[in-house]
Amino acid sequence: MVHIRQLETYAEEHNIPIMQKEGIEFLLEYIEKNNIHTILEIGTAIGYSAIRMALLSKQIKVVSIERDENRFSMAVQNVHDFHLEDQITLLFEDAMHTELSETFDLIFIDAAKSQYIPFFEKFKKNLNPNGVIISDNLSFHGLVETNEEIKSRNVRGIVRKIKNYIQFLKENEEFETTFYKLGDGVGVSKKK
Ligand code: SAH
Ligand code: MG
């Protein structure tokens with residue numbers, strides 16, 4: 001695979017939840033406008049968003065964490081195919097166990113929805129003073145905003161966790177969050 005379009009098709013065919021078009025476009029534009037150079041991504045999947053971010057500029061460096069072995073292996077292959085090994089560092093771990101000492105301009109949280117609060121708390125120390133934490137899937141296919149009854153117990157649980165996370169962001173003393181209803185719902189959190 002050497003074209004972005006091929007990654008999108010692969011993800012669609014294999015049900016890999018890569019960022020939606022509007023969401024990724026917003027993220028890329030945000031990175032460019034705000035002169036972001038260093039990025040920590042939690043949730044690599046097959047490397048789609050990491051590759052898109054790295055392709056913006058040679059100066060951009062991405063560290064991305066993935067705990068699923070198959071997806072991680074595909075991401076390694078894809079990063080290789082795009083010749084982005086110098087810009088993208090892939091870590092095969094559960095992000096809850098990752099300890100990093102470096103700091104980043106952007107931390108992008110796009111992994112297990114049940115862990116968003118712990119991810120936020122764990123990695124905020126890795127943020128540069130003017131850094132930003134961006135979280136994906138705050139709408140969860142529109143289910144967060146809906147009042148309809150959700151049949152699946154599992155999905156209900158995820159939606160409850162996302163609602164808790166949104167509440168956590170709204171009440172946060174340290175960070176101010178702006179919520180955008182694009183893609184699958186994106187939150188941008190900056191230090192107050
Ligand atoms: N950012 C990617 C999509 C990520 S999908 C893109 O837009 O291209 C979410 C991924 O997070 C899944 O592949 C899942 O395996 C991974 N994940 C979930 N919880 C994780 C954790 N605790 N640590 C590392 N990876 C995790
Ligand atoms: Mg996502």
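In the predicted model, Lys 33 and Glu 29 lie four residues apart in helix H2 (residues 21-33), which means that about one helical turn separates them. An α-helix has 3.6 residues a turn, so residues three or four places apart point the same way. The side chains of Lys 33 and Glu 29 form a salt bridge, with an N to O distance of 2.8 Å. Lys 33 is exposed, at a relative accessible area of 64%, whereas Glu 29 is partly exposed, at 44%.

The count of salt bridges in the model comes to ten. One of them pairs Arg 52 with Glu 8, whose closest N and O atoms are 3.8 Å apart. Because Arg 52 belongs to helix H3 and Glu 8 to helix H1, this pair ties together parts that are 44 residues apart in sequence. Arg 52 has a relative accessibility of 22% and therefore counts as partly exposed. A further salt bridge is formed by Glu 121 and Lys 124, with 2.8 Å between the closest N and O atoms. Both partners are partly exposed: Glu 121 has a relative accessible area of 37%, and Lys 124 has a relative accessibility of 23%. Through shared partners, salt bridges also join Arg 5, Glu 8 and Arg 52 into one network.

Helix H4 (residues 69-81) comprises 13 residues; at 1.5 Å a residue it should span 18 Å, and its end C-alpha atoms are 18 Å apart, so the two values agree. At the start of H4, the backbone nitrogen of Asn 70 lies within 3.2 Å of a side-chain oxygen of Asp 68. The buried residues of the helix are Phe 72, Ala 75, Asn 78, Val 79 and Asp 81. Among the elements that cover these buried residues are helices H1 (4-13) and H3 (48-54), together with strands E2 (61-66) and E3 (88-92). Just after H4, His 83 adopts a positive phi of about 55 degrees.

The magnesium ion (ligand 2) is coordinated by Asp 110 (OD), Asp 136 (OD) and Asn 137 (OD1), at 2.0 to 2.2 Å. Along the chain, the donors follow the spacing D-x25-D-N.

Conventions:
Residues are numbered from 1 along each chain as its sequence is written. Chains are lettered from A and ligands numbered from 1 in the order in which they are written. This is a predicted model: local features need pLDDT of at least 70, side-chain atom pairs count only at pLDDT 80 or more; totals for chains, interfaces and linings use all residues. Side-chain values use heavy atoms; hydrogens and water are left out. Helices (H or I, at least four residues) and strands (E, at least two) are DSSP runs, numbered from the N terminus. The expected span of a helix is 1.5 Å times one less than its number of residues. Buried means under 20% relative accessible area, exposed over 50%, partly exposed in between (1.4 Å probe, protein chains only). Contact means heavy atoms within 4.5 Å. A polar contact is a pair of N or O atoms within 3.5 Å; within protein, one must be able to donate a hydrogen and the other to accept it, and residues adjacent in sequence count only if both atoms are side-chain atoms. Donors are N, O and S atoms within 2.8 Å of the metal (3.2 Å for Na, K and Ca); water is not among the atoms, so sites may look incomplete. A salt bridge is a side-chain nitrogen of Lys or Arg within 4 Å of a carboxyl oxygen of Asp or Glu.
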